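Here are my notes after a look through this one, point by point. Have it open beside you while you read.

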Amino acid sequence: MSAAIASTPDAAVRPEPGRPLIEVRDLVKHFGPVVALAGVSLTVRAGEVLCLLGDNGAGKSTLIKTLSGVHKPTSGDFLVEGRPVAFSTPRDALDAGIATVFQDLAMIPLMSITRNFFMGREPIRRVGPLSFMDMGFADRVAREEMKRIGIDIRDPRQAVGTLSGGERQCVAIARAVYFGAKVLILDEPTSALGVAQTSMVLKYVSQVRHRGLGVIFITHNVRHAYAVGNAFTVLNRGKTLGTYRKSEITIDALQNLMAGDKELQSLSDDLDGMV
Amino acid sequence: MLKSFVKLLSAAAVAVPVALGAASVAHAEGERFVFVSHAPDTDSWWNVIKNALKNAAADTKTSVEYRNPATGDIADMARIIEQAAATNPAGIITTIADFDVLQSAIEGAIAKGIPVVTVNSGTAEESKKLGAMMHIGQPEYDAGKGAGERAKAAGVTKFLCVNHYITNVASVERCRGYADALGVELGDQMIDSTQDPTQVYNKVKAYLTTHPDTNGILALGPNSAEPTIKLLRDTGETSKYNFITFDLSADISAGIKDGIVNAAIDQQPYLQGYLPVVFLTQYVRYGVMPANNVNTGPGFVTKDNISLVEKLAGEYR
Amino acid sequence: MADREAVLTAIRDERLKRQSTLRRLMAMPELGAIAGAILVFLFFGVTAGGTGMFAADGVLNWVTVAGQLTIIATGAALLMIGGEFDLSVGSMIGFAGMMIAIPTVYFGVPIELSVLFAFVGALAIGFLNGLIVVRTRLPSFIVTLASLYILRGMTIALSILFANRTIVSGVRNFADGTWVQALFAGKAFSGLFVWLAETGVIATLPNGDPAVKGIPAVVLWAAGLALIGHVVLSRTRLGNWIFASGGDANAARNVGVPVGRVKIGLFMTTAFCATVYATCQVMEFGSAAADRGLLKEFEAIIAAVIGGCLLTGGYGSVVGAVFGALIFGVVQMGILFTGAPNDWFLVFLGLMLLTAVLFNNVVRRRVTGER
């Protein structure tokens, strides 16, 4: 059963834990007169989850779009595994091992799990001059990869629309992992999910980390971040407020930092400590 | 799974005719004829023919089915003739809207031994070439020419041919006949008016405004004539043009009475529906058939004989 | 423990297998069309069984009509799955016919070259349609609606300009005996049909010919194109890209699917199919006319929709479109066989379309778990 898996890209050599995969220093991005990023620095290490926290408008989406090759930075250093890079398309970032799972645009609900899983990277079987998509292989891999995540997959040909939101996120992550991503950028993977679904995704993120990938986990939910994160970078108005190891900061301190201290503190008082 | 469906279907297709084939016995009376026209659903002129078919069926104690391609596509019409032939009717009545397209379908029906009478569009020569029994209609070019001769006598030099069915060869023949009678080139004096009354109205209006020396109008049927009559009423230019139209309708009759329309070419469509049914019935029952083609037109309806025609317009005339 | 795991899996799989068969059946886009086709055949088997509808020449009649429609429905279905529409299919049929007839009849171009010219011209127009849609991101509905008018208008204008009439006849004089005529309007397996007639399986004409002389080329073209379309869609990388482009163009682009190229290719495919349709017609009837193909774009879309294609793209099948075309052809001709007044044909057709769309909507919700 595992024979097919062994030969997949998944089994490619992973960097040893702790080694920096992405390093960003003083990244600046202007859109005309608008300053979206005003100097962001962060480091993503193999086998670690870096949580990127920040309120709406803090520059999270601009940052991930820059890292995933959608935008080009105005200035600053961007290194992947120690080498400076300049992506011009999302494809470049993918080729460099940076895979982004967007919240809404990860999966096509009407297509089958198999077709989604291999979308853009279909396995080919040649028959003379003709080349066909190897559906047998694709179905088998999709089914086995789903099993690995622990999703009870009924039929790899069923539409993704029949999966729950958490399952869809997991399939999207599994797809990125299978195709050899070294760094995963997860854009608010838990924001639209219920409690059970969220824990499923978080469990899987932690599983991916243990396999030696670096993960950037974008969220504005501190609890979710604290559950899986090794390090936390807080963004505010296009700048990094600082990066903290999990041992250096408590969940409450993180909460306050993210909300810009006072506001949330006063809100917390108003609501009698409910937040 | 799909395969089994296909199998099931083909099994059904084979089994059904076997089971029901025995039930179809030749009828001694109540022969079934199929009339195939080329007109789109929206062409009201064919109502007279439908009425004629109804009367003929009642009078001869036969049944007549009227068929036409919904959009007026002649290629679709060929399929309908083939379909009609497949039902083995006692006879087929069809127009020859396009000889090339309909040739193999009509010849196929004749090869099956089904008597065919052609009506309306097409010429006597084409009908003979196909092997049809006879042709009942109005020679289009000659009818146009007849209209043109009247117009020339009235002093027309420049004209407008309002063509609401430009994709039919016969329609262009009418305009050409008219132009030839005047002794002028057709050129851009024929416009594609479309069938929509508002468009006809505005296109004619635009043409007459930009071509002020026009003094004759030829409309090819109620679809193009009625909006044009309305236009002339609206602008008050009721006697500026020598206005001849093909066919009759209530509006056209009124136009003739009011002097807006000088003449309507009546091809007496009632006969084109009634006669072939009667002829075919006699042929099927007694083997008799007139030896000549029948020209149902052109007859001209003018102010002098309009009162006779008027109350039947659109129904039997 | 490992044993227990295996047993659990086995149980789970077994329990779910039954469910998945049903699900898979429900998930087949063509299911509605196949069920519909069976219903239609049963209906006409009862109402038109004795009319000659299921005799050899009757079958040939509706198979030909369904075959013609299959040709354009295949292209339309692929394009719809790819998330776009082509409303210019009907006009393209008329225009392609003229591209064959005018050079042949009025410029003395050999008919083989005229046919080649028509295909190249149509592919170029399809390319242009696709390019405009992809570049401007305007709805293809609007872009191809413009093409519908432009092409129909050019067909009328050019035929008047060169031929001074809207029907260009006499192509047969140039086409008779050429291989293109055999390819697009020949009859295959005529020996078989002669034999069938001799053995009495099918009827013979009074002159001794079989009632059906062979399978018309248009039907073989339909079968071939549908087969290729089906294989490409369901079994190739391009097929996956077509689903992805129509399902969510942005998501597809994010994983590197060349959405623009796929869509342009699909527009060229519909143009190609329309030209095959036109060529078969011109070769069979020997003429091209300005009103050929009127409203055929809607028939193609109807067939695709009955066949389970979603108007929003990303879902559907070629097999379904074939059954959609079959239903359409059988109903269109079957109503005539029953002898019912065909004034009601369009009403019936509209009701059928509505039923198909409602049915498909239910199916899609089941499949995707949407509420």
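This is a predicted model: local features need pLDDT of at least 70, side-chain atom pairs count only at pLDDT 80 or more; totals for chains, interfaces and linings use all residues.

1. Let's begin with chain A. Of its 275 residues, 47% count as buried. Chain A is built from 10 helices and 12 strands. If you take its contacts between residues at least 6 apart in sequence, 69% of them join residues at least 24 apart.

2. How far can you trust chain A? Its pLDDT averages 81, and 87% of the residues score at least 70. Confidence in this chain is lowest in helix α1 (residues 3-6), where the mean is 37. At the other end, helix α4 (residues 113-117) of chain A has the highest value, 91. Over residues 1-13 of chain A the pLDDT stays under 50, and the model has 14 contacts beyond four places in sequence for that stretch. I'd read that part of the picture with this in mind.

3. E81(A) has a phi near 50°, a positive value in a residue other than glycine. You'll find E81(A) in the loop between β4 (75-80) and β5 (83-84) of chain A. E188(A) also isn't a glycine, and its phi is positive too, at about 45°. E188(A) belongs to the loop between β9 (183-187) and α7 (195-210) of chain A.

4. Are those two glutamates buried or partly exposed? E81(A) has 16 other C-beta atoms within 10 Å, so it is partly exposed. E188(A) counts as buried because 21 other C-beta atoms lie within 10 Å.

5. Now for the nonpolar core. The largest one has 294 residues, and the members that touch the most others are L184(A), F217(A), I81(B), A274(C) and A304(C). From chain B, this core takes at least three residues from each of domain 1 (30-138 + 268-297) and domain 2 (140-266). As general background, nonpolar side chains tend to be buried together in soluble globular proteins.

6. What does L184(A) touch? Not counting residues up to four places away in sequence, its partners are A99(A), V101(A), I173(A), A176(A), V208(A), L213(A) and V215(A).

7. On to chain B, where the mean pLDDT is 85 and 91% of the residues reach 70 or more. Residues 1-27 of chain B are another matter: pLDDT stays under 50 there, and the model has 20 contacts beyond four places in sequence for them.

8. Where they meet, 10 residues of domain 1 of chain B are in contact with 12 residues of domain 2 of chain B. The domain 1 side of that meeting has 2 nonpolar, 6 polar and 2 charged residues.

9. There is also an annotation to look at. An unreviewed UniProt entry places the feature "domain: Periplasmic binding protein" at residues 33-284 of chain B. Over those residues the chain is 50% helix and 17% strand, with the end C-alpha atoms 11 Å apart.

10. Chain C has 16 helices and 4 strands. Of its 371 residues, 56% are buried. Among its contacts between residues at least 6 apart in sequence, 78% join residues at least 24 apart.

11. How does chain C meet chain B? In the model, 43 residues of chain C are in contact with 40 residues of chain B. On the chain C side, α2 (31-47), α3 (56-81), α13 (259-285), α15 (318-338) and α16 (345-368) each supply at least two residues. The most come from α3(C), with 6 residues. By class, this side of chain C has 22 nonpolar, 16 polar and 5 charged residues.

12. Last, a look at A321(C), which is in helix α15 of chain C. Why does A321(C) count as buried? Because it has 36 C-beta neighbours inside 10 Å, where 20 or more is enough. Beyond its neighbours within four places in sequence, A321(C) is in contact with A73(C), T74(C), A77(C), A303(C), A304(C), G307(C) and C309(C). A321(C) and A76(C) are 245 residues apart in sequence, yet 8.6 Å apart in space, C-alpha to C-alpha.

Methods: Residues are numbered from 1 along each chain as its sequence is written. Chains are lettered from A and ligands numbered from 1 in the order in which they are written. pLDDT is the predictor's confidence in each residue, from 0 to 100. Two residues are in contact if their C-beta atoms, placed from the backbone, lie within 7 Å. A nonpolar core is a set of buried Ala, Val, Leu, Ile, Met, Phe, Trp, Tyr and Cys residues joined through C-beta atoms within 7 Å. A residue is buried if 20 or more other C-beta atoms lie within 10 Å of its own, exposed if 12 or fewer, and partly exposed in between; C-beta atoms are placed from the backbone. Domain bounds come from an automatic or database domain assignment. Ala, Val, Leu, Ile, Met, Phe, Trp, Tyr, Cys and Pro count as nonpolar, Asp, Glu, Lys and Arg as charged, and the others, Gly among them, as polar. UniProt positions are given in the numbering used here, feature names are shortened, and annotations may be inferred rather than shown by experiment.
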